[in-house]
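Open the model in your viewer and keep the selection panel at hand. This tour tells you what to pick next and what is there.

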2 protein chains.
Amino acid sequence: MASIALKPINEIALQYGIAQQYLIPYGSSIAKIDPILINPDAAKGKLVLVSSITPTPLGEGKTVTTIGLSQGFNFIGKPCIACIRQPSLGPVFGVKGGAAGGGKAQVLPMEKLNLHLTGDIHAITAAHNLAAAALDARLYHEQRLGDQFTPQTGLPRLNIDINHILWKRVVDHNDRALRHITVGVGGGVNGVERADGYDITAASELMAILALSDDLKDMRQRISRIILAHDIHGAPITAEQLEVAGAMTVLMKDAIQPTLMQTSENTPVLIHAGPFANIAHGNSSVIADRIALQQADYVITEAGFGSDMGMEKFFNIKYRQSGIKPSCVVLVATLRSLKTNSGKFDIKPGQPLPPEIAESNVELLALGCQNLSWHIANAKRYGLPVIVAINRFPTDSAEELDYLRQYALSCGAEGVEISDAFSAGGAGTAKLAQAVMAACEKPSDVNLLYPDEVSLIEKVEALVNTYGAKQAILTKQATEQLSALEKAGFGHLPLCIAKTPLSISADPALKNVPKDFTVTISSFKVSAGAGFIRAYAGNIMTMPGLGTLPAYRHIDIDDAGNIVGLS
Amino acid sequence: MASIALKPINEIALQYGIAQQYLIPYGSSIAKIDPILINPDAAKGKLVLVSSITPTPLGEGKTVTTIGLSQGFNFIGKPCIACIRQPSLGPVFGVKGGAAGGGKAQVLPMEKLNLHLTGDIHAITAAHNLAAAALDARLYHEQRLGDQFTPQTGLPRLNIDINHILWKRVVDHNDRALRHITVGVGGGVNGVERADGYDITAASELMAILALSDDLKDMRQRISRIILAHDIHGAPITAEQLEVAGAMTVLMKDAIQPTLMQTSENTPVLIHAGPFANIAHGNSSVIADRIALQQADYVITEAGFGSDMGMEKFFNIKYRQSGIKPSCVVLVATLRSLKTNSGKFDIKPGQPLPPEIAESNVELLALGCQNLSWHIANAKRYGLPVIVAINRFPTDSAEELDYLRQYALSCGAEGVEISDAFSAGGAGTAKLAQAVMAACEKPSDVNLLYPDEVSLIEKVEALVNTYGAKQAILTKQATEQLSALEKAGFGHLPLCIAKTPLSISADPALKNVPKDFTVTISSFKVSAGAGFIRAYAGNIMTMPGLGTLPAYRHIDIDDAGNIVGLS
């Protein structure tokens, strides 16, 4: 990548009307932006939400298309900013493949994006683990001092229920040995022995809070509402009650500033927050969106996983909270991933592909297109025009591309365009950008799936109905939790369904467009700070593990001191 | 502090001949410096090593004196840079009191110094924990695949001994519940169940490595030598063998750049690394020293704890490895801490002082001065002139100050001066700076305590002799470890005695200048990457805990978004 000329970041900022005074440089090619520049009345841009068909191990190239599309807008002379999430170190050192896009559509400098960047994830780790340390310390001192705790400290007893601690610890690595741990082993001066565990940092509620906060004050208030544990009487214990919410906010004070970088064609990109699209809403930040919408005519943002995941959550959670309205949804698909979605193959990452996937096969493609059809309908349900972006591969046949184009239009897509972002950058997405621009001019209004005031069970039903499920089944535990959450005053919150991204249903084995299935919700949990109820439909992995041949083996410094092996 | 005008950091750099091209800005008042500017032949400055008498709960004001002295040199027109360690988050949120100095002698912006700064500690945490995750993952996969591990992966079996894993995990918080943990609880896909624990990040060997590395290449080689565990046959397993040393170095690539800040009088300060002065050598980095010695006439650096700790280790470890030679030792003392060192009182932090400490009492002072006498002799042992800096308090009587001055001179101090750094900044340390400058002109040559080639037991004896001990006693375990380390080829390394800083001996109960005592070494461990042998004389806490009324309770954001409660 040494051949690509990066522009000084303040030059790019200036081109987009961001004055020096709002920039906090981190070297010459990266800067944080002070959100103080946000003027609530100054939003002028159109937001484009990039989603996809059901993800497959082959990948749809959603990030490449997001970055490439922002370059395409610039190519046709339209000021455009991309807003994406910050990658975690876990996948960078675990499975080969960063989150910078690729080819002629990537975020640079790639090694900065994929490593520490401007420290936001580290700040979240620090803030999260401060609360965990504070909770265990309080547990220890209350147990140690017993009746003398309040007289000696002047603090009320919190009476933390050791079996009802909700706040785990976090680390930004794939570390399976930390999934289930015992802390305070041996007790005594080394704390209270109890079961605990680690999540990867992106799974912290603080990550969702960072992404959803309007400003520092709002972030402070959200953090104060976080429920860390319950007391022995079942009442929630918040970060505010532990008196740690202020310090947590202080640790995240710089993290609230989005980071400005550039693409391989010098298009500005804002990197901010990185919530998952299962246990959280899967999109970058409200603050980054607002800055971008104020400084550019078009803003491209990527929602995690398929349209049943990140896109749905963008509308029902992020739009609901922020009022930031997209003007168009782009659904990314590849011929290979559509064929894979047919359900005819069992494809595993790293194993050779069945030859049928690469060969021209309209019949197979037609089968997989049912999945696309579902996602087009799902996006249109929210009231927006849909453009299908075909992320083209060299082996794609003209016949297949033609079929796909006709099919998508027949399903109600507003347009279908090929993206050659990887091989041609902005020149390869200019037509896509034109189509998206035209779609953005269509009048649209977001239809949310449910109003705040309906019951949580009605929200669950509304959501699983969109999947095509016959019904939602709640376990006994889930039913009790639902009732407790409504009693505790959380019934007005939107739902965040934590399910597999690999099927429209909650069962990864059900491919393409599943029929005749049910969705079982095993538990409900509240993210009181982020402002949503997590409904668990299946086991969601929040701490990945390292494989036998992890990517870190090939990452090193060469003799000239350059980083090698990162991608 | 809002009234103090910070200069743009690039202006300060330029004044000291550091061109823009070597600066990596982090905002306008902080920049990293690219060590590429180091020219091995260009060192021109004199290094001043600030140490102290035996520390007491009252504090001697060593950091204030270090910062103030650098301001004093500037006050008398001499270009001077201070080199200090980066503070950990643990004490910032635990016990009130950051590490920025205070009054008119502090490093600004204080909240940047005390929080994330430029991310070096986070980078160490990430690199350290990557190795830990990698080790547990390898353990898991080798156990899971058994005989199939090598055929399936092409990698050799490491045969990690689950009972001989040396590499714990780290977090930059005071978190007692993590001292002893069990990881992999339940086994199966969640790893191998085993006993583990956390240290605070400053205790990581990577912290000492960062401080001692000559450059990126040297750091890469040091990391490759780190011993993570032993195999079931007792052979060491290094970071290189686990193929994680390159990735660890990549995570620390930016951390190798020292951070430039300024004092409240715009004197440049380099912040770099933060090793403890018990389990490590307790001084900031070789790279920061080299940059400072090249760009300034005088460089002031602070060694951790008393002269028996950080100063001794500066000579026998850091000077031995780097050849960086101080020209003068400054010993900081206060009347209060000398009186406390008399051993007549049992003073606890936060409790009211005995009135005798504040009252003029030459007899009491004279008793405590024996401690100063020992530290003067200890510093002179290494061949350098010693200046005593009296960090003055408003209650100090002229009679006492006079006594102390005469006493110190009679013990062989080259000079004695009052430091009014806290109340008067550089104007209050101008005389001290003059005295230090004169001392630096004295011819001096460093006498190391022992040559590389003597046996480890001779090194132990040489060191405990300086404490005044009758002899060193090795436990059976220590004797065996010593022999194993020499057999393994580590006999040439210098020693790092891990003992209490609260006594010249290894027993915190022995005050002032202990006599007739022995020092028991319970174990030896090698820091193969940092390049020293740790000799444990007593239990050393490497994971602090939070108290009942921790400082985080008062740290918050005010309505204007400013940080409050940090000090």
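Contact here means heavy atoms within 4.5 Å. This is a predicted model, where local features need pLDDT of at least 70 and side-chain atom pairs count only at pLDDT 80 or more, while totals for chains, interfaces and linings use all residues. Residues are numbered from 1 along each chain as its sequence is written, chains are lettered from A and ligands numbered from 1 in the order in which they are written, and side-chain values use heavy atoms, with hydrogens and water left out.

**Stop 1: where the chains meet**

Show chains A and B together. The contact takes 66 residues from chain B and 66 residues from chain A. The size of an interface is often given as the accessible area lost when the parts come together. Buried area is that loss for two parts, taken with a 1.4 Å probe and summed over both. Between chain B and chain A about 5800 Å² is buried, and carbon and sulfur atoms give 64% of this area.

Next, look for charge pairs. A salt bridge needs a side-chain nitrogen of Lys or Arg within 4 Å of a carboxyl oxygen of Asp or Glu. The whole structure has 44 of them over all chains. How many salt bridges are there between chain B and chain A? There are eight. Select B:Asp254 and A:Lys112: they form a salt bridge, with the closest N and O atoms 2.9 Å apart.

Now colour chain B by helix and strand. Helices (H or I, at least four residues) and strands (E, at least two) are DSSP runs, numbered from the N terminus. Which element gives the most to the side of chain B that touches chain A? Pick α5(B), which supplies 13 residues.

Then select A:Asp175 and B:Arg169. Their side chains meet in a salt bridge, 3.0 Å from N to O. This pair crosses between chains: A:Asp175 sits in the loop between β8 (169–171) and β9 (181–183) of chain A, and B:Arg169 in strand β8 of chain B.

**Stop 2: a sheet in chain A**

Strands of a sheet pair through backbone hydrogen bonds, either parallel or antiparallel. Two strands count as paired if DSSP finds at least two bridges between them. In chain A, select β7, β12 and β13. These three strands form an open sheet in the order β7-β12-β13, with antiparallel pairing. β7 (160–165) and β13 (236–238) of chain A each have a single partner strand, so one side of each is left without a neighbour in the sheet.

Zoom in on β12 (residues 227–231) of chain A. It pairs with β13(A) over three bridges. A:Ile227 stands opposite A:Thr238 in β13(A).

**Stop 3: a sheet in chain B**

Move to β21, β24 and β23 of chain B. They make an open sheet of three strands in the order β21-β24-β23, and the pairing is mixed. At the edges stand β21 (495–498) and β23 (523–527) of chain B, each with a single partner strand.

Select β24 (residues 532–536) of chain B. This strand and β21(B) pair in the parallel sense over four bridges. B:Leu495 has B:Ile533 of β24(B) as its bridge partner.

**Stop 4: backbone details**

Select A:Leu108 and A:Pro109. The peptide bond from one to the other is cis, with omega near -5 degrees. A:Pro109 is in the loop between β6 (105–108) and α4 (110–114) of chain A.

In chain B, a cis peptide bond joins B:Leu108 and B:Pro109, with omega about -10 degrees.

Finish at B:Asn159, in the loop between α6 (149–153) and β7 (160–165) of chain B. Its phi is near 50 degrees, a positive value in a residue other than glycine.
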